[in-house]
Amino acid sequence: MLQGPAPARLRALPSGAERLLTVREVAERLSICTATVYRLCERGELPHVRVSNAIRVRPADVDAFLIRGQG
């Protein structure tokens, strides 16, 4: 059993949270290739979470990215 505080980089999603998007879904919404989505995540330009070995993105973060005019 784990003890002690959770690492600072972990955060819980609020209850009733929206479904997270896959890299492929984000790429489709932004009309870019999946490799570009991975690069945006790596550079910190697109907020994301890792679920096991997969990257997931909140739809609100994709919308905010588009509003900033970077998509």
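What pattern does the chain follow when read along the sequence? The chain follows the pattern α-α-β-β-α, and this description rests on a predicted model. There are three helices and two strands in the chain. Of the 71 residues in the chain, 23% are buried. Among contacts between residues at least 6 apart in sequence, 47% join residues at least 24 apart.

**Helix 1 and its surroundings**

- Helix 1 spans residues 23-30, and its buried residues are Val23, Val26, Ala27 and Leu30.
- The exposed residues Arg24 and Glu28 are carried on the face of helix 1 that is turned away from its buried side.
- The cover over the buried residues of helix 1 includes helix 2, strand 2 and helix 3.

- Helix 2 covers residues 34-42, and Val37, Leu40 and Cys41 are buried in it.
- Helix 1, strand 2 (54-56) and helix 3 are the elements against which the buried residues of helix 2 pack.
- Glycine 44 follows helix 2 and has a positive phi, near 80°.

**How helix 1 meets helix 2**

- The axes of helix 1 and helix 2 come within 8 Å and cross at roughly 100°.
- Angles of 65 to 115 degrees count as roughly perpendicular, so helix 1 is roughly perpendicular to helix 2.
- On the side of helix 1, the residues that meet helix 2 are Val23, Arg24, Val26 and Ala27. Their partners in helix 2 are Thr34, Val37 and Tyr38.
- Sorted by class, the contact of helix 1 with helix 2 has five nonpolar, one polar and one charged residues.
- Val23, Val26 and Ala27 are among the residues in this contact, and they are also among the buried residues of helix 1.

**How helix 1 meets helix 3**

- Helix 3 is formed by residues 59-67, and helix 1 packs with helix 3 at an angle of about 30°, with their axes 11 Å apart.
- Angles under 35 degrees count as roughly parallel, so helix 1 is roughly parallel to helix 3.
- The crossing of these two helices is right-handed.
- Helix 1 contributes Val26, Arg29 and Leu30 to the contact, while helix 3 contributes Pro59, Val62, Asp63, Phe65 and Leu66.
- Sorted by class, the contact of helix 1 with helix 3 has six nonpolar, no polar and two charged residues.

**Backbone angles in the loops**

- Most residues other than glycine have a negative phi.
- Serine 31, a residue other than glycine, has a positive phi near 55°.
- Serine 31 follows helix 1 and lies in the loop between helix 1 and helix 2.
- The relative accessible area of serine 31 is 68%, so this residue is exposed.
- Serine 52 is not a glycine either, yet its phi is positive, at about 60°.
- The loop between strand 1 (49-51) and strand 2 contains serine 52.
- Serine 52 has a relative accessible area of 75%, which means that it is exposed.

Conventions: Residues numbered from 1 in each chain as written. Predicted model: local features only at pLDDT ≥ 70, side-chain atom pairs only at ≥ 80, totals over all residues. Heavy atoms only, no water. Axes fitted to C-alpha atoms, helices over the stretch in contact; angles between N-to-C directions. Helix = DSSP H or I, 4+ residues; strand = E, 2+ residues; numbered from the N terminus. Parallel < 35°, antiparallel > 145°, perpendicular 65-115°, else oblique. Left-handed = near helix turned anticlockwise from the far one by under 90°. Contact = heavy atoms within 4.5 Å. Nonpolar A, V, L, I, M, F, W, Y, C, P; charged D, E, K, R; others polar. Buried < 20%, exposed > 50% of the residue type's maximum accessible area, 1.4 Å probe, protein only.
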